[in-house]
Amino acid sequence: MSLFRQALTVVRKDLLLEWRGKGRLISVLLFGVVTLLLFSFAVGPDSTLMRAAAGGFLVLALLLSSTLGLSESFRVEQEQRAIEGLLLLPVDPIALYYGKTLSNTLFLMLLAPVLTPVALILYSVQLDLQGLAVLLGLWTLAAAGLSAPGTLYAAMTSRLQSQDVLLPLLLFPLVIPVLMGAVKSITLILTGDPMSQVSAWATLLASFAIIYSSLCGLLFPHAIEEGI
Amino acid sequence: MPSRAANTAIPAVQTTGLGKRFGRQWALAHCDLEVQPGEVLLLAGANGSGKTTLLRLIAGLYKPTQGSMSIYGMDPEQEKLACRRTLTLVGHDNYLYSQLSALEMLQVWTRLRGVELSEEQAIDLLREVDLQDRRDYPVGGFSAGMRKRLTLLRTRLEEPKLVLLDEPFSALDASGQNLIEEWIEGYRSAGKTVVLASHNLPRSSKLCDRAILLQQGQMLWQGTGADLLNHVGATA
Amino acid sequence: MTRQFKWDSGLGLLGLLLLFVGSYIGLFVAPAERYMGETQRIMYVHVPCAWNAMLLYTLAFIFAIVSLWTHRPKWDAVTTAAVEVGIVLNALLLVQGSIWARATWGVWWDWDVRLTTSLIMVLLFAGVLALRSFVHDAGRRATWTAIATIVAFVDVPLVYFCVRWWRSLHQVQSTPDTVAPMMVVPLRINAFAILFLAIWMMAQRVRVELARRAQDQVAEPERIAPIGGSTNA
């Protein structure tokens, strides 16, 4: 119970920081929008091609924004070594991990309301309300899947040189199942899903998030044994 | 001075053959230290003599390369959280989030200790360090001294039995330094243990029950605060 | 300085000899495959490389758990050795797979399940080594290497199934029962040959790592006799 409360305190603190530093969230959002725009130049003005690739571009925008959000979430911890101040308190490191993972997941979920409409408009894709709801659900699963290992690796790389290179280098190959699952399922939603395969991909996304949030929760206390 | 009765009690900190190596460099070696409950111990020594390493080892932020250690009879490896509940460290860093206000910082710290701090209590605390008017301002705008005062309030939250202070007087003006001195006197009379590392010998030597001089990671000399001043004066 | 003959040198030589024998049988004795013809002979190194790469990654995973548990330098050394040699075999696997794809399908790359998975595996474990190279403190380097190895290994089955779903086109695995006996023999011989060579390489790597660690193991400085002062204990 106290573990749960400590984790919630961390989430609350992170959300407050995010709210105060709205500039950060807005920058990451803009970054996502810019990548969406750039992707459309990759396939040219051919609207059929763009429509087919819309799901992939949307998920790639999420993936690229996620490393920015993740490293940012530990930059505020390192700025005045606030994380050490937390580790010195009688806080269970597991609570710290789940708190940070949850707030990172929430942060990535906040990208959906902006990036999705932009993608729908840019790539001229139609989507009904039900489809939109399913898409948001898939987005949430993908966000959790990215945050679970991402929080562990962002914590580990946050004090290393070349953190900006190292985090994507570690994270991108690892989250390929998330990328594939999200791209496939979201594309199916955008282009119609006659075989109803979406649920299979959703299961994959959920399994990834569950497996990695349990595994990284176990490993996190070891990673910060001597502080970060 | 620790009384005879306190000597038979479980020591607040006990280290045997404690050593810490970073790469090829021993930052601390052969450290046999016993700090009695209620004692105020001063760690003195040049930069790089191992004061900070020793404090961080006691606080559990480093794992010893060699030797063992106990905090009020507890093994820091086995009872990590219990040790953290017992002690507090204020190091060189301020542990602050620039975008939170002074009040919010205090609330985050106390909540993570499992205590809810009422606004009145928080304001009382902030009044102690003369920050009550700044309670709602983001700490990013604070001066170095104000940040240090706020962080030093961590030693007043939840009342830990063992207070570790690394250079508590740095960045503080005279009134701030007096305040910390008062606090340390208060901790002593409350039976709490204080270990502080400081370069401000005139101030800290008056304050301490015992002083230890570290050199190249080893305990070179120990005695009373007054003797320390003489010793350092004689060798300098 | 005398050079001692070490156990692993013998194993390495044996591996080399077996590789020679196995490849000779594979190239000249075994019959050509009915459908794929001579191209199929690359399988005699390809499949053993794949088996051993997977074996080494699995060992690395187990060693990493032990390393995390015990914090002993030797377990960190074997974990790193297994990851590194695993990457070497994995890279060979990719090159051979690419050659195979060129000969069979006329393209240098095919998004075949196993080929794609092995590409992702190389990147996964190369990340472990990249992280390792950035950590200076030996204790933390060992812990973080172990953590990254565990995290990467758990991903392998997920990636495999994912790629399979992603592209449901793949070669059915052939089991030794369905192929001619003279095809099985060189496959088995080469599997052991590469295993022995891998162990030999690992042994070298472990030695280098332990020597590096030993270099850091500077003895504690002599105890300085405390001077003067009033003893007050």
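In chain A, 86% of the contacts between residues at least 6 apart in sequence join residues at least 24 apart. By contact I mean two residues whose C-beta atoms, placed from the backbone, lie within 7 Å. Please keep in mind that this is a predicted model: local features need pLDDT of at least 70, side-chain atom pairs count only at pLDDT 80 or more, and totals for chains, interfaces and linings use all residues. Residues are numbered from 1 along each chain as its sequence is written, while chains are lettered from A and ligands numbered from 1 in the order in which they are written.

Let me stay with chain A. Its secondary structure comes to ten helices and zero strands; helices (H or I, at least four residues) and strands (E, at least two) are DSSP runs, numbered from the N terminus. The radius of gyration of chain A is 18 Å, close to the 17 Å that the globule rule gives for 228 residues, so chain A is as compact as a globular protein of that length. That radius is taken over C-alpha atoms, and the rule is 2.2 Å times the number of residues to the power 0.38. Along the principal axes, the C-alpha atoms of chain A fill a box of roughly 55 × 30 × 30 Å. Buried residues make up 52% of its 228 residues. Here a residue is buried if 20 or more other C-beta atoms lie within 10 Å of its own, exposed if 12 or fewer, and partly exposed in between, with C-beta atoms placed from the backbone.

Now, chain B. Here we have nine helices and nine strands. For 236 residues, a compact globule would have a radius of gyration near 18 Å, and chain B agrees, with 18 Å. Its C-alpha trace spans about 45 × 40 × 40 Å along its principal axes, and 50% of the 236 residues are buried. Of the contacts in chain B with a separation of 6 or more, 69% are between residues 24 or more positions apart.

A word on confidence: pLDDT is the predictor's own confidence in each residue, from 0 to 100. Chain B averages 89, and 95% of the residues score at least 70. Over residues 1–7 of chain B, though, the pLDDT is below 50, and this stretch has ten contacts in the model beyond near neighbours in sequence.

On to the interfaces. How many residues of chain A are in contact with chain C? There are 24, and they meet 22 residues of chain C. On the chain A side, α7 (129–157), α8 (163–174), α9 (176–191) and α10 (198–223) each supply at least two residues. Helix α10(A) gives the most, with seven residues. That side of chain A divides into 17 nonpolar, four polar and three charged residues. For those classes, Ala, Val, Leu, Ile, Met, Phe, Trp, Tyr, Cys and Pro count as nonpolar, Asp, Glu, Lys and Arg as charged, and the others, Gly among them, as polar.

Turning to chains B and A, 24 residues of chain B are in contact with 24 residues of chain A. The largest share of the chain B side, five residues, comes from α4(B). This side holds twelve nonpolar, five polar and seven charged residues.

Just after α3(C), G106(C) takes a positive phi of about 80°. V113(C) sits in helix α4 (residues 113–134) of chain C. Buried or exposed? V113(C) is buried, because 21 other C-beta atoms lie within 10 Å. V113(C) and C162(C) are 49 residues apart in sequence and 9.0 Å apart in space, C-alpha to C-alpha.
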